[in-house]
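Thanks for coming, everyone. Please look at the model on the screen while I talk.

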Amino acid sequence: VPEAHAFATSTSTGTKNRVAGWGPKIPTSTSRSATIDDTTSTSTSANGDIAKTESTECVKTADLLSLDSIRSTLIRQEETIIFAIIERAQYRQNGIVYAPGGFGNLGVPLGVNPTCVENQSLSFLEYVLMGTEALHCQVRRYTSPEEHPFFPACLPSGPLGGLPQLEYPSDLLSPIGDANIINFNEILLQKYLQWVLPSVTKTGDDEQHGSTVLADIAVLQALSKRIHYGKFVAESKYRSDPEGYQKLVDAGDADGVMELLTNSAVEARVLRRARIKAATYGREPLMTQLPEQKAAECSDAANFVAAAAASAVATAFEAMNSSSDGDDVTQGKVDPAVIQDIYEKFIIPLTKDVEVDYLFRRCGRDPPSEYAPDRMSKDLLPDLRDD
């Protein structure tokens, strides 16, 4: 069940209430008139009575767009991405699911506009992804400024009529030059198939084709959300220095814009954290690695968790060190160095391309051609797919 959306409120019978939407759960009211009623909450006591408690907590758009708030969201997304990659890594590459017509004529995916796939031979991944996006569109996923479809032309006309409308603060992103709706999923999908997928999976076919494409979709949607969060990062940075960015854009200085928005210290922390998380999450439960004597000394759950956490950290660093030294890392589900590479060579660069594109449009100019949504400005990723 998706959590309440970071920015969304709903309108129903003249009142606004929290609804299940898309994205992380963050208090959603703002200082403007279009706010949800967040002044009271209810709780149920042991005897079943309902008590109301007062709450005056509000979150302004400026708070949602603060770099601290955005970085907190991006850190939470790391778990989603890494776990999704771990899930995909358990299956072989299964190249047949990516081949156009690999399973013959599959027909029109359920809910998809038939003209969108007319005279096309879809791969199994395309078929399932289109159908998934059509369903998600009907339950309002793509009304969210955080979510971007891979096949926007194939979506239904809109959400199901019976669902309440989701509303978002109008000043989250700028509509100037359509900056708020740029979509880099075309190049994301291409590079996922060419480089990410071969980097985390073994060659061959294990006949787990349905599970494979479902795992692919989980990875792709997580990557898409992370990369397009670059628009929120760019808006936040623009608001902190509008004159600086406007001057660079007016001069057509894309390299200067890239330099101004880059924070190398933060990027280094992201890479280190991603590698540590991959080393920790990609290994078997650590209870088996906790010494028996140490386990016997843990008289309560808190002490046991603390001991297990210490063991987890030690194991993670061992995995990181062995991976970086080129030693055997087969005990892990994924190589932590590969996860770091995915962030360093793909996620961070493509996110920054989104930021540059957004900032140029935000400042009233078209971005340079190398920042078009169908390419990476600095493409160093080889095509690792089997011939």
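Start with helix H8. Ala 254, Gly 256, Val 257, Met 258 and Leu 261 are buried there. Buried means under 20% relative accessible area; exposed means over 50%, and partly exposed is in between, with a 1.4 Å probe and protein chains only. Helices are DSSP runs of H or I with at least four residues, strands are runs of E with at least two, and both are numbered from the N terminus.

A word on the source. This is a predicted model, where local features need pLDDT of at least 70, side-chain atom pairs count only at pLDDT 80 or more, and totals for chains, interfaces and linings use all residues. Residues are numbered from 1 along each chain as its sequence is written, and side-chain values use heavy atoms, with hydrogens and water left out.

Back to H8. What covers its buried residues? The cover includes helix H6 (230-240), H7 and H12. Contact here means heavy atoms within 4.5 Å.

Take H7 next. Helix H7 (residues 242-250) packs on helix H8 (residues 254-261) at an angle of about 155°, and their axes are 8 Å apart. The angle makes H7 roughly antiparallel to H8. Axes are lines fitted to C-alpha atoms, for helices over the stretch in contact, and angles run from 0 to 180 degrees between N-to-C directions. Under 35 degrees counts as roughly parallel, over 145 as roughly antiparallel, 65 to 115 as roughly perpendicular, and the rest as oblique.

Which residues meet? From H7 come Gly 244, Tyr 245, Leu 248 and Val 249; from H8 come Gly 256, Val 257, Leu 260 and Leu 261. Six residues of this contact are nonpolar, two are polar and none is charged. For that count, Ala, Val, Leu, Ile, Met, Phe, Trp, Tyr, Cys and Pro are nonpolar, Asp, Glu, Lys and Arg are charged, and the others, Gly among them, are polar.

Look at Ile 339. Leaving aside neighbours within four places in sequence, Ile 339 contacts Ile 82, Ile 85, Ala 274, Ala 278 and Val 334.

Now find Asp 357, in helix H12. Is Asp 357 buried or exposed? Asp 357 is buried, at a relative accessible area of 0%. Beyond four places in sequence, Asp 357 touches Ile 182, Phe 184, Pro 367, Tyr 371 and Pro 373.

On to helix H5 (residues 209-228), where Ala 215 sits. Ala 215 has 9% relative accessibility, so it counts as buried. Ala 215 and Glu 87 are 128 residues apart in sequence, yet 6.4 Å apart in space, C-alpha to C-alpha.

Two loop residues next. Asn 119 has a positive phi of about 60° although it is not a glycine. Asn 119 lies in the loop between helix H2 (67-89) and helix H3 (124-138), and it is exposed at 79%. Asp 178, not a glycine, has a positive phi of about 60°. At 45% relative accessibility, Asp 178 is partly exposed.

Last, the whole protein. There are 12 helices and five strands. Of the 387 residues, 47% are buried.
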